[in-house]
Every structure is written in C-alpha cells, then in structure tokens.
Amino acid sequence: MQTALIIGGGQGGLSVLKILKNSQMMKVAAVTDVDEGAPALQLAREMGIPTGKDWRIFMGEQPDVIIEVTGDSKVLEAVRQYAPRAIVIPGSVAYLLAQLLKQKEELIMQLKNQSYQYDVIFESIDEGMIVIGDTEKIILFNKSAERILGIRKQEAIGRHIQDIVPNSRLPEVLKTKRTEINQAQQLADNEKIITSRIPMITAEGKVIGAFSIFKDITEVVNLAEEITNLKEIQTMLKAIIFSSDDAISVVDEKGRGLLINPAYTRLTGLSEKEVIGKPATIDISEGDSVHLQVLAKKQPVRGVKMYVGPKKKEVVVNVAPILVDGHLKGSVGVIHDLTEIQSLTKELDRARQIIRTLEAKYTFEEIIGCSEEMNIAVEQAKAGANTPATVLLRGESGTGKELFAHAIHNASDRRYNKFIRVNCAALTESLLESELFGYEDGAFSGARRGGKRGLFEEANNGSIFLDEIGELSANMQAKLLRVLQEQEIVRVGGAKAVAVNVRVIAATNVNLERAMAEGTFREDLYYRLNRMPIHIPPLRHRKADIPLLCERLISKINQDYGRSVKGVTSQAMQKLMDYSWPGNVRELENVLGRAMIFLNYSDYLIDASALPPLIEDKVASAEKSAEWPAIAKGRSLQEMLDLYEKEILQSRLAANKGNKTAAAKDLNISIRNLYYKLEKYQLH
C-alpha cells in the first residue's frame, strides 16, 4: 500500500483526508500545517495520524505521494525542489484523484456485494446451472447441478462441458449463437431434464460463453404419465359404462349412488338428480336392495329378480363388490330388462328358424380336407360359384354334398339372397310340385285361400338346392327341365308363367348315366344338370383327411354333448384309418359320437377300445381269382378287359390309400386319364 503526506490542514486538506481515511489503496503518513488548530490536523489526531507544523520533518519517511493543498505556489515549488523524485500532486489534482479513488472503491464494494448476491442466488436456486467460457470449459457449476448430475463442483470446474455432460448442446449454442428454450434432454442414468441454453454475447457481438439452466423432471414426467394413464382409464371406463345397453348403477361403501348410465335412466325412468347421492333403495319398487346385500357380505350376488322404477319394470340384477387393495369401496350393479330378454329370445328363436330354412350356414373354409381329391373338388366348386351355371354335386351318401351347396351359395354373388333347401326324395310327387312351384287359389281341396308362392319364387335372385335329384318322377323331371330352360314356373292350377331368376344346385348319389340307360332319368334334363359336375370323393379315397375330420367332429360333438374330449389315441386313429367307411363322413361322425357317449367324464382321449366294432365288407382277392372263370364266361373280350381294368384301378387305389395322384403315378398314366377311367367305371 502506498503512503501519502498531506501538506495543508485547511478545508482542502480536510477533504482529501476524509476521502483517503477509509482507502485501502493509500495510507496517510502525516498531515502538516503551520496552524495547529487547522481542521485537518484535528481529524488526523483523532485518527492517530502524525501531525506537525513543518512538512520537512516527515520527508525522512519517504512518502510515495506528497499532496500539497495549501494553495501557495511557493510551498509547492519548495516541495518539488526538496523532493525532486517524489510524486507531488497539487491540491486540485489531489482532490480529483481522491474522488476517483473513492468512486473506485465504492464500485469495487458494489461489485463485491453484487458478486455475493449473485453467488447466493446462483447457489440457492433449485435449477441446475452450468456456465462455460469460449473455450467450452466449465467456469461456473452450482450446487443444484451437483445434485442433479451427481458430480462435485471441484470435479467439474475447468473441465470440458462434454466430459461432464456428454450430450450437452452448449458447444453448439456457442457456435450458432442461438438460444434453446425448454428442451428435453436424457441423461446417462435415464434421468430426464428440461433445459434452456443461452449464449453470452457482448455489446460488440462477441460470444464470450454460454450457460444452461436445467431442472430434473423425471418425477414430474412419471407423475404426469400416471395421471394421464389414470385419466385415460377413467375416460375409457366411463365411455364403456355409458355406451352399454345394459343399465348400470354404482354406489359407494355406504350405499349412496355414485354413477348411473343412460340405459339405467331409460329402464327405470329415474334421472341422475334422483339417484346420485341417494340411498341404493331409491329405485326399488318391489324387493330388497341387492347393493346393500353385496356391501354387507362383500360377495357378488347374481340373478335376482325384482321390480324397479315408477313403472315397476321386471328386471334381473347382478351386483358385484368393488374392492381396492382388499378394502370395500362400493358395488356395481348390472340390470337386465327381463321383458327385453324374453322378446330377444323369441326373436332369436325365430331368426334361427329362418336361418335353418333360408340361409346357407357353411362356407368353403368349413370344408375339411387336405387331400388332393378334396382340393380338386373344392377348386371346382369355387369356380362354379363364380358363374350362374347349374351345378351338379355327385357323390356317395354322407360325403358332404349339402355342405358344398351351402359353400357355393355363400361364395356366389347371390349370397345376400335366400338359399332354399329341398329334399326331393322326402316328399310325394303332388306335394313336391306344390311346394316347388306353388299353387293358385282353389287349385285343390285344402289349398290356402289366395294361393301360395312356391319355393322357386321364394328363392328368386337366390339359390335352390335340390337334393336327391335322381329320385324325381318323370313328370317332375319335365317341369324342372322347363324351369332350367325357360327360367319360369307355372303354379299348380294356374296358367300364367312366372319368371324366376334362380340358381339351381342339384345333388345325387344315383348313377344318372345308368338311370338314363334304364329310362328312369331324362337325357335332356341330365345334360341341363350336368353342365358343371363336381365329384365329391368318398372318405375311403381321402383317408389323409381323417385326422382333420376327427378334430373338427370331436369339437362339434363336445358342444352338443357338453364333453371335453381332446382327440383320439394313435391306436384308435390307426383303426379309423384302416376302415373303408362305406357311410363316409356321416358314418365317421356316428362312430365318434357313439364312442364319446360311453366315455367316462374323466377321459380326454378316445381309445381303440372305446370305438364301436367296424365291420369291413370286402372280398378276398383269392376268392375273386377263383370266381374269375365264372365271371368271364359269356362275356366279350372288351367286357373282360374292362372288368380287369376296373379291378386293377380298385387295387391300386386301395394300395395308395385312396390317393389318386399316387395311384396315377403308380399306373404310369396322367391324373386326367385316371379320372376319366374312374368316371367310366363309376369308381368315385
């Protein structure tokens, strides 16, 4: 610290002394004046500063600065001559310097106070704050930053920002000079912060650093997510309750109404104002409150009949308790209108009757089979469904001809119209004619007044399935031929033709070619029906489908009989595979059904011992060989060759378990040629 000698104790000296007395930059060594009563000398004595009348006696201490404030130019000149190397400051200049020093010290003090205030703020704010210089190194790092980042201040100061926060964007802010406000940032330990990054730019536009202010929002985000999830769940539950057609009421643990839906108001006639906050008995006309029973027992109660609302609606009530962490919070009740249930039951029964008679129930997806024979039949049927052509389904009884008929209708453009089924063998000729074509008023005794539409008219724009078409009489064959040719029918007892647009699907297990040869089936009708023939293979020719069929049939029988059988054992499956199935799929369903009836309820698999006896009807090849001379007697060579070829085909099909592709390959003929020969010998 420098020392100063004040020469002159008047007002000027006093002013300089007052300015310098608290200075930390310059110390007053002595104050002199010829007048011992001068004010500056009095103040100096009070401050313990040496005083005197002659300034020369203090020159031995070699003051750094001599301040001459007497105003006498001779004194100033004498001082300069006596101490030529000392800094001599005239009074006016000294006063000015003293003022400047005072202002400087005041500014330094203000800066210290501000710095202290800033430090207090910087360290006390809850947000973390990091400041970097233009070298991207950390120069400030507060306590909140220590807490959030888990890094001590001593470890962070002076290090590069990305050593401390690897994904920090402060260097980018330094380069771009762009402020980033409220940006989400993920830290290394999966904590989330929200941060604002601001560059520090001088008035001249120079970037001297950047700082970030950030806050840990992990808990806030988690809490917000929980609140959002709760609100979503609440909204979803409320939407479900309000969209339900069943009346729903919710009460609290004291049995007071909390919530009802619009269906409840429609059913009981009571509004929210009449129910919310009121006892659970408010809606009961006859009976006891099920809500109160459930709240007392903490157990659900179902199927309670009672009468509710002013109109005494008969209802069935199901109520369950609301338990949260084992604590009872209330109960929820679902109220079903018994009148509506009874009405819906009647409608359902009526709909089922309509479906059974007017609609096709099955589709191609429900036709079970993976064998090539079945795949060919299905592909042919799908092709036929896309055309309006008449389809003739041929195959043995029980092979699924009606199933194919349903599927063809459902796959056609007529699927939204009626599907009528007729068993031609189940009705007498006269009854069948009136059912198919209808009749006029008074056509015969007992006829309905006003007449009746026939099934062909009912099926207009739809499909009609004529099962057992080979059983039609000659008269009915002629009338059916007219329908196919002219697309019109004439009612019994009528003369006017009625146009119909009906797709005919016919089915038969009769050999129509033989029936034509015997004169029992019209040739012209045959060619009308046989436009799109589809041969459905018997089960013995597609034994590979038996496992799939068993799986589907067991599932169906489980539903019918209320059982839970899983399948069949390998021994039982082998037994089923070895059988020829003359009754086809219908016989397989019968065998499985009989086996399941006699199974114990603890049994889940059908064993071979549970299957009924399967009697195979076959003739040994040795017997056939012995009978051959007798069979060949009286026959032409061509007839004997045909018989032998037929026997070979049967043998190879049996050897290949009905697989036509394998049989054709074994015989070294094409599959088309094999089908031709099977058709020729009626080996379907």
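Contact here means heavy atoms within 4.5 Å. Keep that cut-off in mind for the stops below. The model is predicted.

**Stop 1: colour by confidence**

Colour the chain by pLDDT. The protein has a mean of 83, and 88% of its residues reach 70 or more. Select strand β24, residues 503–508: with a mean pLDDT of 93, this is the highest among the elements. Then select helix α24, residues 621–632, where the mean is the lowest, at 50.

Two stretches deserve a look before moving on. Residues 352–358 have pLDDT below 50, and the stretch makes 10 contacts in the model beyond near neighbours in sequence. Residues 617–626 are also below 50, with 2 such contacts. Where pLDDT is low, the predicted coordinates should not be read in detail.

**Stop 2: the five-stranded sheet**

Select β6 to β10. These 5 strands form an open sheet, and the order across it is β7-β6-β10-β9-β8. The pairing is antiparallel. Which strands stand at the edges? They are β7 (138–141) and β8; each has a single partner strand, so one side of each is left without a neighbour in the sheet. From one strand to the next, the twist averages 25°.

Now walk through the pairs.

- β6 (residues 128–133) pairs with β10 over 6 bridges, in the antiparallel sense. Pick Ile 132; its bridge partner in β10 is Ala 210.
- β10 (residues 207–216) also pairs with β9, again antiparallel, over 9 bridges. Pick Ile 193 and find its bridge partner in β10, Asp 216.
- β8 (residues 180–186) runs antiparallel to β9, and 5 bridges join the two.

Go to the turn of the β9–β10 hairpin. There are 5 residues between the strands. Gly 205 takes a positive phi near 90° in this hairpin.

**Stop 3: Arg 197**

Stay on the sheet and select Arg 197. This residue sits in β9, which spans residues 192–201. Is Arg 197 buried or exposed? Its relative accessibility is 3%, so Arg 197 counts as buried, the limit being under 20%.

Show the side chain. What does the side chain of Arg 197 meet in polar contacts? One partner is the side chain of Glu 180, at 2.6 Å. Another is the side chain of Gln 185, at 2.8 Å.

Next, show the residues around Arg 197. Leaving out residues up to four places away in sequence, Arg 197 touches Arg 169, Leu 170, Val 173, Arg 178, Thr 179, Glu 180, Gln 183, Gln 185, Phe 211 and Ser 212.

**Stop 4: the six-stranded sheet**

Select β11 to β16. Here 6 strands make an open sheet in the order β12-β11-β16-β15-β14-β13, with antiparallel pairing. The edges are β12 (257–260) and β13 (284–286); each has a single partner strand, so one side of each lacks a neighbour in the sheet. The twist from one strand to the next averages 40°.

Zoom in on β15 (residues 313–324) and β16 (residues 327–337). The two run antiparallel and are joined by 10 bridges. Pick Ile 322 and find its bridge partner in β16, Gly 330.

**Stop 5**

Select Ser 473. It lies in the loop between β21 (463–467) and α18 (474–486). Ser 473 is partly exposed, with a relative accessible area of 25%.

**Stop 6: helix α22**

Finish with α22, residues 570–578. Which residues of α22 are buried? Ala 572, Met 573 and Leu 576 are. They cover an arc of only 100° around the axis, so they lie on the same side of α22.

Now show what covers them. The cover includes α21 (546–561), β26 (567–568), α23 (584–597) and β27 (605–606). The face turned away from the buried side carries the exposed residues Ser 570, Gln 571 and Asp 578.

Notes
Residues are numbered from 1 along each chain as its sequence is written. This is a predicted model: local features need pLDDT of at least 70, side-chain atom pairs count only at pLDDT 80 or more; totals for chains, interfaces and linings use all residues. Side-chain values use heavy atoms; hydrogens and water are left out. Helices (H or I, at least four residues) and strands (E, at least two) are DSSP runs, numbered from the N terminus. Buried means under 20% relative accessible area, exposed over 50%, partly exposed in between (1.4 Å probe, protein chains only). A polar contact is a pair of N or O atoms within 3.5 Å; within protein, one must be able to donate a hydrogen and the other to accept it, and residues adjacent in sequence count only if both atoms are side-chain atoms. pLDDT is the predictor's confidence in each residue, from 0 to 100. Two strands pair if DSSP finds at least two bridges between them. Axes are lines fitted to C-alpha atoms, for helices over the stretch in contact, and angles run from 0 to 180 degrees between N-to-C directions. The arc is that of the directions from the helix axis to the C-beta atoms.
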